[in-house]
Amino acid sequence: MTSRIPRDSRLRLVRPRPLAAAPRAMNQRRPRRTAPHPPEGTPARSELAGMARSGLAGAARVARWADAALGPGRDAATADGKATLSDATAARAARELGLTVDRVRADWDTARLAGLVEVHGGSARPGWRLRAWDRDDSAVLRGWVALFDAWSLAHPEPAGHEPAAVAEVVSAMPQVLSFLQLSAGPVPVAQLLDLLQQRVTELRTERCEIPYGPRPEPVPQPRPDDTTALAPLLDWALHALASVGALTCGDGQATLTPLGSWAVWVKLEQICVAAQSPAGNIEQSAEDMLRGCAQLRPNAARAEYRAWLAARPVGSAVTELLAAARGEDALLRGLAFEALRVVGAPAEPDVRAVLEEPTLRPYALLWLAEHDGADPEDAHAVLTRHEATWLWVDTAAAVADHGEAPLLVRHLESAVQPTVPALLDEVRAVGHPRTVQVLVALAAAHPDPALAKAVRRAAFQVHTGGS
């Protein structure tokens, strides 16, 4: 049969639109369905967050150390600008934290994958999740889910296996995890191996393309024993998932942890783990007000912005909104500039003043273009290719943190690059601190195994600093 998966990796051509409009599109959703309840026996969110905090305690400790020791104006985190710790920095952290160098490096990598620390050139700074670590259970759980999505990067794959075989196992593991979640208890590894072999066979069948017209009967060809070949890869996958706290292995069986079971259920239900809108937005700080407006439709959000702005002087309100935009949460960055659009002309001097800040420059350029009369559908033309790509990654980070998986897949359509390979090349080069998390989330969400494999490879190359 012919493949159900498109083989052309070109992005579909769509009407150009400003990339900053993506946060607005996030709010234009169908009416919400009643939130489903997790399976019976699932711990409360506060308990799950406590488990995540415990499992990521080492990563949080290293991230806090990096905040104090490697921030702007202090020692460099790396000697070559890559995200891996330099030998001198790792040795210093080991001395000051009382850990081994290997433990420091492992916790550093975990902190990066969980979004607890971000590297900008030679400096490190805490991610927004670390800022909210002690007070926001949702931020903690989103950090753990980001690490869960990146399990294949968290543990070295076994040597001597073809990259294609490794990619097949990574693509097949969601079904294995779903089976573990539905089993709600220990499952023999031999049974998981049978399931993995079936799923890998299905993936190969889906990729098979047979030309039209008469063709000879296929001649069976000998091939290696798939079970023998897949066994070490399954063992790697299970131990990698165990290393992030998603399951436990022992006595020839695997069992999902409560966190792993909950995360798989979340994926199956395609719901997002996001903070609830706080009450009383008008009296809140700019950051909390924007969080409260995140789930509102555009018209309702603009009404909230107007009411919030009316309750305080314009100058201090603009300053507060720009401070929120400088934070680590990309969604708040986009929403802050939406609120600044409501402010209008009085905000122009302050918006122009942030043009030299790389994080805010693309948003400020779009704001100024629209303020000067450009059609919002055409304002993106003022951005350079580099700025447009940076903004695409920033918006994707907002979708990954706060949106649903299908929305992240649709976000591909807003890229300026004509093909996925071109997009991945430029995304890797743009240097956004959330690049790895965005690519891992996109690979986990995309239904095309071939495209997901390419995205995972790009995430791995960014993570390791390779090419």
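Biologist: How many bridges join strand S3 (residues 187-188) to S5, and in which direction do the two strands run?

Modeller: Two strands pair if DSSP finds at least two bridges between them, and strands (E, at least two residues), like helices (H or I, at least four), are DSSP runs numbered from the N terminus. Here two bridges join S3 to S5, and these strands run antiparallel, with Pro-188 standing opposite Gln-253 in S5. Bear in mind that this is a predicted model, in which local features need pLDDT of at least 70 and side-chain atom pairs count only at pLDDT 80 or more, while totals for chains, interfaces and linings use all residues. Residues are numbered from 1 along each chain as its sequence is written, and side-chain values use heavy atoms, leaving out hydrogens and water.

Biologist: Which residues of strand S5 lie on its covered face, and which on its uncovered one?

Modeller: In a regular strand the side chains alternate between the two faces of the sheet. In S5 (residues 253-256), Ala-254 and Leu-256 form the covered face, whereas Gln-253 and Thr-255 form the uncovered one.

Biologist: How many bridges join strand S4 to S5, and what do S4 and S5 form?

Modeller: Four bridges join S4 (residues 247-250) to S5, and the two run antiparallel, with Leu-247 opposite Leu-256 in S5. S4 and S5 form a hairpin with two residues between them, and Asp-251 in the turn has a positive phi of about 55°.

Biologist: Is Asp-251 buried or exposed?

Modeller: Buried means under 20% relative accessible area, exposed over 50%, and partly exposed in between (1.4 Å probe, protein chains only). Asp-251 has 80% relative accessibility and therefore counts as exposed. Ala-184, in the loop between helix H9 (163-183) and S3, also has a phi near 55°, a positive value in a residue other than glycine, and at 70% relative accessibility Ala-184 counts as exposed.

Biologist: At what angle do helices H19 and H21 pack, and which residues make the contact?

Modeller: Axes are lines fitted to C-alpha atoms, for helices over the stretch in contact, and angles run from 0 to 180 degrees between N-to-C directions. Helix H19 (residues 385-402) and helix H21 (residues 420-430) pack at about 90°, with their axes 9 Å apart, which means that H19 is roughly perpendicular to H21 (65 to 115 degrees, where under 35 is roughly parallel, over 145 roughly antiparallel and the rest oblique). The contact (heavy atoms within 4.5 Å) is made by Arg-385, His-386, Thr-389, Trp-390, Trp-392 and Val-393 of H19 and by Leu-423, Glu-426, Val-427 and Val-430 of H21.
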